[in-house]
Amino acid sequence: MVFLSLYALQHRGQEAAGIVAIEEGGKQAHIHKGAGLVSDALDEEAVSALTGTTALGHIRYSTVGGAELVNAQPLLVRYAEGGLSVVHNGNLTNGRELRANLVSDGALFQSGIDTEVIVHLIARSRREDIDGQVADALSQLEGSFSVLITVGPTLYAARDRHGFRPLVMGVKDGAYVFASETCALDIIGARYVRDLEPGEVLRVRNGELTRLPSVGTFSQAAPCIFELVYFARPDSRLWGHSVDRSRRACGRQLAIEQPAEADCVISVPDSANSAALGFAEQSGIPFELGLIRNHYVGRTFIEPSQSGRDFKVRLKYSPVREVLAGKRVVVVDDSLVRGTTSRGLVNLLREAGATEVHFRLASPPVKHPCYFGIDMPTREELVASRSTTEEIREQLGVDSLGYLSMEGMTRAVDPDGTFCSACFSGNYPAPLVDLEMGHMAAGCGA
Ligand code: AMP
């Protein structure tokens with residue numbers, strides 16, 4: 001089931017995949033990790049060797065640490081109580097600071113990832129019981145984490161006090177299931193129960209669920225708006241929002257704010273499909289399939305190396321000449337980051353005969369790096385942080401360029417104003433300890 005769920009979460013990372021399985025009683029744990037897509041990393045033989053009654057899985061999308069296998073998760077170590085394993089989605093903004101302190105105390109690290117500090121903090125905690133040790137470790141973390149931890153036969157699920165990254169709970173045949181998105185529950189036929197609350201810590205032991213004291217001092221919830229804009233799958237529900245409906249609402253609002261005279265609306269598949277449908281609905285301009293995405297090539301952006309990016313655009317997208325030739329085209333994308341994909345796409349559309357290209361973004365300009373788990377480039381590399389909209393229009397070579405406004409996005413998906421939208425606004429809701437302590441280069445995304 002964990003293997004299947006990882007398949008459903010593949011869009012969240014393509015660098016590596018891994019599973020830990022824990023035998024009943026927790027004394028023995030098995031692990032398998034591999035590079036690349038789930039189907040490459042975990043073959044049938046490997047998965048069938050992972051016997052047990054509890055399992056954790058992870059797919060990797062790096063924000064901290066390189067692509068080497070040693071940085072893949074789950075992390076598994078031997079601990080007094082049996083195996084201790086961790087999977088982590090997010091980015092600790094004091095990870096380097098904690099690591100430096102642990103290293104000066106004699107801790108030996110095996111990987112380059114921030115997640116490993118969690119293992120050391122649990123192991124070094126002076127608290128007497130495991131619940132206390134886990135709580136002690138989690139309370140020292142700043143930044144974003146949705147984590148699953150097993151210690152012996154016990155499973156813990158927790159979200160940071162801001163609730164940056166998602167974590168949902170479901171039930172399948174009386175067993176508890178935790179995952180980043182509801183699509184991972186759907187694929188195994190688990191019933192969605194609820195999202196974990198910010199700061200919430202749950203424990204599953206002997207099949208029994210217990211809510212433990214929350215971690216960290218209460219702070220304003222700040223779930224990541226970029227999950228709704230780009231990252232999550234449209235069939236998932238996040239924090240009570242349908243991802244598809246949220247994107248459509250952004251697309252409709254975009255059509256109101258940034259109308260265009262055109263013959264068709266096309267999307268940059270797949271992440272902008274829902275927004276482009278919303279734009280088409282609102283504007284009355286027909287939606288067409290003008291770009292076809294090759295699904296056998298990974299997301300260009302998600303790969304750590306940026307070399308050959310323009311070539312990758314051609315590998316990944318093909319224009320449909322019959323749709324585009326002689327047409328005035330509105331192209332809807334979910335976000336503009338570096339601008340390199342878009343530049344390549346515009347060339348493709350022109351070559352296929354589009355007479356006018358009107359580029360529309362279903363989110364505001366991305367001007368600020370993310371320190372909470374979305375892999376964004378440095379501030380200097382974010383095209384909107386160094387150029388005006390008119391300059392970007394020129395760089396892209398489009399007839400017009402329009403972004404969704406901050407107010408429009410808020411109205412469409414976040415009327416209560418609770419989301420973290422730091423990548424658009426620059427208002428970071430949690431302390432950036434490593435950055436302030438000089439542990440990382442200013443403006444570095446992670
Ligand atoms: P760019 O060419 O850098 O402007 O990339 C924009 C494209 O990358 C859009 O089509 C987005 O769907 C996609 N994108 C935006 N943010 C990310 C991210 N953090 N990771 C991967 N892809 C992204």
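Helix 8 (225–231) and helix 9 (243–257) each supply at least two residues to the lining of the second largest cavity, where helices (H or I, at least four residues) and strands (E, at least two) are DSSP runs numbered from the N terminus. This is a predicted model, in which local features need pLDDT of at least 70 and side-chain atom pairs count only at pLDDT 80 or more, while totals for chains, interfaces and linings use all residues. Residues are numbered from 1 along each chain as its sequence is written, and side-chain values use heavy atoms, with hydrogens and water left out.

**Cavities**

- A cavity is a set of points, on a 1 Å grid over the protein atoms alone, where a 1.4 Å probe fits but cannot get out, and its lining residues have an atom within 4 Å of a point.
- Grid points are joined across faces, edges and corners, and a volume is the space filled by probe spheres set on the points; by this rule there are 3 cavities of 30 Å³ or more.
- The second largest cavity holds about 70 Å³ of space, and its lining is made up of I225, L228, V229, S246, R247, C250, A275, D334, A362 and V413.
- By class, that lining of the second largest cavity has 7 nonpolar, 1 polar and 2 charged residues, where Ala, Val, Leu, Ile, Met, Phe, Trp, Tyr, Cys and Pro count as nonpolar, Asp, Glu, Lys and Arg as charged, and the others, Gly among them, as polar.
- The largest cavity contains about 90 Å³ and is lined by 14 residues, of which C224, C370, F372, C420 and C423 lie nearest its centre.
- In the lining of the largest cavity, 13 residues are nonpolar, none is polar and 1 is charged.

**Ligand surroundings**

- The ligand has 18 residues around it, with Y230, D334, V337, R338 and T341 coming nearest; a residue counts as near if one of its heavy atoms lies within 4 Å of the molecule.
- The shell around the ligand divides into 7 nonpolar, 6 polar and 5 charged residues.
- Helix 8 and helix 13 (340–351) each supply at least two residues of this shell, and helix 13 gives the most, with 3 residues.
- Polar contacts are pairs of N or O atoms within 3.5 Å: a polar side-chain atom of D333 lies 2.8 Å from an oxygen atom of the ligand, and a polar side-chain atom of Y61 lies 3.4 Å from a nitrogen atom of the ligand.
- D375 takes part through its backbone, with an N or O atom 3.1 Å from a nitrogen atom of the ligand.
- Taken alone the ligand exposes 500 Å², of which the protein buries 97%, with accessible areas computed by the Shrake-Rupley method with a 1.4 Å probe.

**Overall fold**

- The protein chain contains 18 helices and 20 strands, and its C-alpha atoms fill a box of roughly 70 × 45 × 40 Å along the principal axes.
- A compact globule of 446 residues would have a radius of gyration near 22 Å, and the chain agrees because its own value is 22 Å; the radius is taken over C-alpha atoms, and the globule rule is 2.2 Å times the number of residues to the power 0.38.

**Backbone geometry**

- Most residues other than glycine have a negative phi, and most peptide bonds are trans.
- The peptide bond from Q73 to P74 is cis, with omega near 5°, and P74 is placed in the loop between strand 3 (54–60) and strand 4 (75–79).

Technical notes
A polar contact is a pair of N or O atoms within 3.5 Å; within protein, one must be able to donate a hydrogen and the other to accept it, and residues adjacent in sequence count only if both atoms are side-chain atoms. On a 1 Å grid over the protein atoms alone, a cavity is a set of points where a 1.4 Å probe fits but cannot get out, and a pocket is an open set with protein on both sides within 12 Å along at least five of seven lines; lining residues have an atom within 4 Å of a point.
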